[in-house]
Every structure is written in C-alpha cells, then in structure tokens.
Amino acid sequence: MAQLRVLFATSEAYPVIKTGGLADISHALPYTLQSLGVDARILLPGYKTVIEQLRLKPLKENLQLFDCLPPIRILEGMMLGGDIPVYVIDCPMLYHRDGGPYQDEEGEDWQDNHLRFGLLSKVAALFGEHLFNFTPNIIHCNDWQTGLAPAYLHFSKYAKAKTMMSVHNLAHQGVFGAEAVDLLHLPKESFSMYGLEYYGLMSFLKAGLYYSDWITTVSPTYAREIQTPNYGYGLYDLLNNNQHRLTGILNGINEQEWNPETDTHLISNYTHTNFSSKAKNTRALRQRLGLESPKQTPLIGMITRLTHQKGIDLVVPIIPHIINEGAQLVLLGSGDKDLEERLQILADEYVGYLSVNFGYDEELAHQIESSADIFLMPSRFEPCGLNQMYSMRYGTVPIVRNTGGLADTVVDITPRHLDTGTATGFIFEREDAYELLRCVQQALVTYRDKATWRQLRTNGMLKDFSWQHSAQSYIELYENLIQQEQEQEILLN
Ligand code: ADP
Ligand code: GLC
C-alpha cells in the first residue's frame with residue numbers, strides 16, 4: 001500500500017495554542033503516527049500567537065478563497081521542537097488578534113467564527129484536492145471547526161483524499177445562520193436535512209458527520225453514548241444511523257510531557273517505587289499555595305475548564321463537607337465567571353484548606369497532578385478526558401463519574417478488582433452531589449488503609465496509556481478508507 005499521508009486539520013495544537021485536550025491530541029497523535037511511518041502533518045489557523053512562535057515561510061501566496069476576505073497565504077514550517085511539519089493559514093483580518101481561538105477576552109464567541117473556521121475547513125479541503133506540494137490521502141478533521149472540509153470535498157470534482165471526522169466534543173457544533181452557506185461558497189443543495197442543515201440553520205459538525213467517509217470519537221463508551229438522546233445533543237439519530245462507519249478510539253497521553261520520572265515542572269521526580277519523593281511535591285505545593293500541612297490530610301486536586309460539562313457545580317456545594325471530613329482541595333481552572341465567584345467565596349472562608357487558582361497555568365497543572373493524593377473529575381459527560389490518565393500516571397488516585405472515556409480508563413475499586421490487582425480509582429454513577437460526596441467519603445476511608453492505597457496508586461502508575469495502540473487503530477481505519485477508494489476505482493473502470 002502507498003505511504004499514508006495524513007493532514008491533521010485542527011483549531012489548536014500543543015505547544016503553540018491550547019485551550020484543552022484537543023491541543024494535546026493534535027500534537028501527540030500526529031507525532032506517534034510519524035513514529036509509525038505515516039507522513040502526518042498539521043494544519044492550523046494563523047492565530048497571532050502561532051505566527052509569533054513558529055518559524056514559517058510562504059508555501060502559497062495570493063489565494064483568493066471567499067469574496068468577503070482579502071487574499072490569504074499558506075505558510076509552512078516545523079512545530080516547536082522541530083518534530084512535525086505544520087501548515088498555517090495567514091489571514092490577519094481573521095486571526096491576528098488578542099484573545100482566545102474561539103472567544104474574545106470577555107469570553108464572548110468571536111462574531112466571525114463561521115469565517116475563521118470556514119476558511120480552515122476550506123484550506124483543509126484544498127489540501128485534499130492536491131493543490132499544494134503535500135498531497136495527503138487522508139484529511140483528518142477534528143471537531144466542528146474543521147467540519148466543512150468533508151462537505152467541500154464531497155462536492156468537489158477534484159477531490160483526491162478521503163476524510164475522517166473525529167468528534168472530541170459533540171456539545172459544540174458550530175451552528176450559524178443559513179446565509180453562511182452562500183458566504184462560504186457551499187452549494188445550495190448542501191443546505192438540506194440530508195446535508196448540513198440543522199433546524200433552519202447550518203451546522204459545521206453535522207456537515208462533517210454527514211459528508212465524511214468515516215467518523216471517530218475519542219472513546220468506545222462515548223461512541224455508544226452519543227447515539228442516545230441523553231448524550232447525542234440532537235445528533236444521536238444521525239450517529240445511530242451511521243454506526244457502521246463510527247468508531248470509538250481511546251486517546252493516549254503524551255508520555256514524554258507527562259512522566260513523573262522526568263517532568264521538569266516537578267520539585268522532585270519519582271516512580272512507583274518511591275512515593276516519598278512524590279510527598280516532597282505535596283509539601284512544596286502546600287507551601288506555595290498557603291495550604292496548611294496537617295498530618296493524615298489528603299490533598300484533592302482538580303484541573304478543569306469551569307463548565308457545565310465538567311460537573312464543577314456538583315463539587316461546589318459539597319466543598320465544606322469534604323473539608324470537614326478531613327481533606328484539602330486545590331483547584332486550577334478557568335471559564336464560567338459565576339462559578340469562579342462561588343469558589344472564591346468558599347476559598348476566603350476555608351483559608352489553608354481550599355486553594356482556588358483561576359487562569360491557565362501549565363506548570364501548576366503538572367505540580368497539582370504530582371502533589372495531589374486524589375483527583376476529582378465528576379464530569380456530566382467526558383468524551384475521553386486526559387487528566388484522569390495523567391493522574392493515574394502520577395500516582396494520584398482519580399474519582400470519576402461513570403461516563404465516556406472516564407469509564408474506559410479508570411477501574412473501580414470493587415472487591416473483585418482489588419483481588420485481581422486491577423483497581424485504579426473510584427467511580428460513581430449519577431450526576432448528583434450527594435452521590436459524589438459518598439464516593440469522596442469512600443476514597444477518604446480507603447486513603448487511611450495504607451496497603452490498599454499503595455496498591456491503587458501502583459496499579460495506576462503501571463498502566464499503559466501510550467498512543468501506540470490507538471494510533472495503530474487510526475492507521476487501520478485510514479488504510480481501509482484508501483482500500484475502499486481503490487476498489488471503487490477498479491469497479492468504475
Ligand atoms: P477538555 O479538553 O474537555 O478540557 P481533557 O481532560 O481532555 O478535557 O483535557 C484538558 C487538558 O487541558 C489537560 O491537558 C489539562 O491539564 C489542561 N487544562 C485544563 N484547564 C487547565 C488550566 N486552567 N491550566 C492548565 N491546564 C489546563
Ligand atoms: C474534548 C473532550 C475531552 C477529550 C478531548 C480530546 O475536549 O471534552 O474529553 O479528552 O477533547 O479528545
């Protein structure tokens with residue numbers, strides 16, 4: 001089979017632009033694919049920070065793509081660290097501004113997101129028409145921001161690549177007014193129930209799901225969940241009808257970045273054989289954040305976007321109980337201002353026992369993972385989730401809700417799992433603060449049982465969360481798509 005050439009089209013990629021797990025995946029997966037012999041490259045919008053951090057040179061200039069935009073350029077270079085080729089869309093009118101990739105500094109969605117990501121999708125599709133010197137046979141699209149690429153290629157006479165649409169979060173769909181169809185040069189016929197129309201509006205994600213050759217999502221459980229009304233965000237029927245081309249593949253983690261043995265953000269590195277070194281991190285973090293150091297008081301960590309998805313509103317009402325039960329809590333997060341306020345009020349009341357840190361802080365994230373005894377992730381839904389895996393790798397025992405990738409990666413502390421030496425954490429069922437509190441109480445009781453706790457930590461630290469296996473699953477899907485195409489061509493000739 002010809003060499004696989006994959007363009008990984010994404011709206012964020014670590015280390016140059018990150019708001020969440022998508023960025024981690026957009027670096028780690030292409031990187032692992034490369035190590036397995038795939039020519040994987042990344043396509044990113046030219047946000048100000050991306051252009052500032054990368055050394056880029058023009059690949060193509062003066063490309064006039066949409067009437068309402070000036071001509072754009074496509075730049076090429078290598079990702080920071082020099083490991084993966086990257087293409088960047090240079091369109092200062094759309095991307096050269098302060099604020100985040102999706103929202104302004106006040107947290108409001110950019111008004112021209114349909115153009116910003118319509119352009120990203122369009123350029124991805126042009127790569128799929130083999131217009132440039134890199135000629136991918138797969139365009140791997142990620143989330144709604146790249147959802148129009150499969151639609152453009154579906155309607156193009158020059159399409160040469162197959163498309164894969166990966167869903168990292170079905171709750172975000174990129175839904176805009178119908179006038180965007182014309183503006184983004186999509187054919188009128190695409191605006192149909194059997195296309196990208198969504199209750200009279202146009203949906204980027206629906207376009208991706210409908211027109212792509214294959215759909216993946218980031219865990220097997222989430223792949224099943226999104227076919228049900230509870231988790232399907234209005235698209236469960238479409239997903240259910242297309243289950244024959246939908247696969248759940250669990251994300252891995254970047255094992256170089258997240259390794260307690262070598263992590264340069266830590267005060268003290270450690271392995272599963274020297275937990276006393278882990279404790280040095282805990283002492284240092286407590287000191288740094290002004291937390292008391294009482295004996296036998298476990299530190300519970302949380303690193304999260306403050307949104308409904310993450311279930312942080314289930315945690316807020318039980319914080320006083322958790323502290324009364326003899327635990328401390330450290331939280332790092334950003335997002336919902338109302339939640340920030342409620343957390344700050346509690347932090348002012350429980351000085352020395354609750355530390356809340358707002359904003360984005362990569363170093364603090366690593367220090368919390370290494371310092372905490374327990375990690376809390378009570379998500380309402382979690383397509384995959386990375387922090388529970390980072391936690392296990394760092395000997396920090398996770399408490400998670402039974403959903404999505406959390407269910408697929410954490411093994412609950414049942415008597416059977418303890419007997420078989422497989423238990424790695426605590427799982428609760430319902431979106432309910434009381435049930436969460438009961439689970440935290442169970443963890444606090446178990447924490448006092450030193451032998452069991454050591455076993456839980458060790459089991460987690462020894463688990464394999466590497467990308468190798470999952471990257472191999474993507475390669476198989478890519479190869480199947482290319483083979484299907486070749487078989488079709490033979491039939492047609
Ligand atoms: P999601 O992508 O839904 O936010 P994931 O668990 O997949 O959830 O990934 C979140 C990623 O973002 C992790 O790498 C986590 O450490 C990081 N992260 C989230 N919030 C912060 C923050 N405030 N500061 C630093 N890193 C954060
Ligand atoms: C999304 C999901 C998260 C997943 C990440 C990477 O942000 O919310 O669960 O781990 O994408 O796939």
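In the predicted model, Glu362 and Lys18 are joined by a salt bridge in which the closest N and O atoms are 3.8 Å apart. The count of salt bridges between domain 1 and domain 2 is one. Polar contacts between domain 1 and domain 2 amount to nine residue pairs, both residues of each pair being at pLDDT 80 or more. On the side of domain 1 that touches domain 2, the elements that contribute two or more residues are helix 1 (21-35) and helix 8 (220-225). Helix 8 gives the most to this side, with four residues. By residue class, the side of domain 1 that touches domain 2 comprises nine nonpolar, eight polar and three charged residues.

The domain assignment divides the protein chain into domain 1, which covers 5-252 and 468-492, and domain 2, which covers 275-461. The C-alpha centres of the two domains are separated by 33 Å. Contact between them involves 20 residues of domain 1 and 18 residues of domain 2. The area buried between domain 1 and domain 2 is about 1400 Å², with 56% of it on carbon and sulfur atoms. Within domain 1, the residues that lose the most area to domain 2 are Lys18, Tyr231 and Leu250, which together account for 26% of what that side buries. Lys18 is also the partner of Glu362 in the salt bridge described above.

Two further residues were examined individually. Asn254 is located in the loop that runs between strand 12 (246-248) and helix 10 (275-289). The relative accessible area of Asn254 is 15%, under the 20% limit, and the residue is therefore classed as buried. A polar atom of the Asn254 side chain lies 3.0 Å from the backbone nitrogen of Glu257. When neighbours within four places in sequence are left aside, the contacts of Asn254 are with His27 and Ala28.

Leu201 belongs to strand 10, which spans residues 201-203. Its relative accessibility is 36%, between the limits of 20% and 50%, so Leu201 counts as partly exposed. With neighbours within four places in sequence again left aside, Leu201 is in contact with Val175, Phe176, Gly177, Phe191 and Leu196. One of these residues, Gly177, is 24 residues away from Leu201 in sequence, while the C-alpha to C-alpha distance between the two is 5.1 Å.

Conventions:
Residues numbered from 1 in each chain as written. Chains lettered and ligands numbered in written order. Predicted model: local features only at pLDDT ≥ 70, side-chain atom pairs only at ≥ 80, totals over all residues. Heavy atoms only, no water. Domains from an automatic or database assignment. Contact = heavy atoms within 4.5 Å. Buried area = accessible area lost by both parts, 1.4 Å probe. Salt bridge = Lys/Arg side-chain N within 4 Å of Asp/Glu carboxyl O. Polar contact = N/O pair within 3.5 Å; in protein donor to acceptor, adjacent residues only side chain to side chain. Nonpolar A, V, L, I, M, F, W, Y, C, P; charged D, E, K, R; others polar. Buried < 20%, exposed > 50% of the residue type's maximum accessible area, 1.4 Å probe, protein only.
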